[in-house]
Amino acid sequence: MYDELHQLAPEGYAVGLHIRFASPLIYHSCYPADWVAYYNANSYYLRDPLVFWGIGTAGTARWSEIRLPDPFNVLKKAAAHGMTYGVVSSYGPITSRSMAGICRSDREFSDEEMARLTEITARLHIEAKPPSELTKAQIEALQCIANGDRHTAAADKLGISESAFKARLTSARVRLEARTTSEALKKAREYRLL
């Protein structure tokens, strides 16, 4: 779906999926590198009217249609980096909102292009939906690994056989759609399940 966004947005795009506690679980940006560096160095994500609009509103709008204050001139500074016209799309509940932004330098986006962004944003949100919970046994097993325990020591600590411990890790990997235990541990932390 990132390829679809790339085709839609000549000057780049950014995606923040499942924003919880003020940060996305997944973030991907193809905006111009100099803009991304400047934006991050100035913490504009805390001051960007497009972010405020997307957090507070589910829908899709052209940047020029958003009438929120921009005291730090974020949009004017973006235009100086070739990001003159754009669209932001926001989807999902406020407790786990996803946003996508696209931009170009030559013209406003058409209604059809906006509709495509709306559809892509919804698909990205749905595809990236993290698991909402792990079982107590899965959490205990992953926590043992996070603490540096080897399988035998972890099994002893939990009072189960080593094969039962490995089964817990396997079920956690399946639940988190991870290939390895370290990937499962990383995802569990990202999803704030540990």
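**Pocket lining and a helix pair**

Strand β1 gives the most to the lining of the largest pocket, with 5 residues. The model examined here is predicted. β1 spans residues 12–20.

By class, the lining divides into 26 nonpolar, 5 polar and 3 charged residues.

A helix pair was examined next. Two packed helices are described by the angle between their axes and the distance between the axes. Helix α8 covers residues 162–176, and helix α9 covers residues 181–190. The two pack at an angle of about 60 degrees. Their axes lie 9 Å apart. Roughly perpendicular pairs fall between 65 and 115 degrees, and roughly parallel pairs under 35 degrees; α8 and α9 are therefore oblique to each other. The crossing of α8 past α9 is left-handed.

On the α8 side, the contact is made by Leu-169, Arg-173 and Leu-176. These residues meet Thr-181, Ala-184, Lys-187 and Ala-188 in α9. The contact of α8 with α9 has 4 nonpolar, 1 polar and 2 charged residues.

Methods. Residues are numbered from 1 along each chain as its sequence is written. This is a predicted model: local features need pLDDT of at least 70, side-chain atom pairs count only at pLDDT 80 or more; totals for chains, interfaces and linings use all residues. Side-chain values use heavy atoms; hydrogens and water are left out. Axes are lines fitted to C-alpha atoms, for helices over the stretch in contact, and angles run from 0 to 180 degrees between N-to-C directions. Helices (H or I, at least four residues) and strands (E, at least two) are DSSP runs, numbered from the N terminus. Angles under 35 degrees count as roughly parallel, over 145 as roughly antiparallel, 65 to 115 as roughly perpendicular and the rest as oblique. A crossing is left-handed if the near helix is turned anticlockwise from the far one by less than a right angle, and right-handed if clockwise. Contact means heavy atoms within 4.5 Å. Ala, Val, Leu, Ile, Met, Phe, Trp, Tyr, Cys and Pro count as nonpolar, Asp, Glu, Lys and Arg as charged, and the others, Gly among them, as polar.
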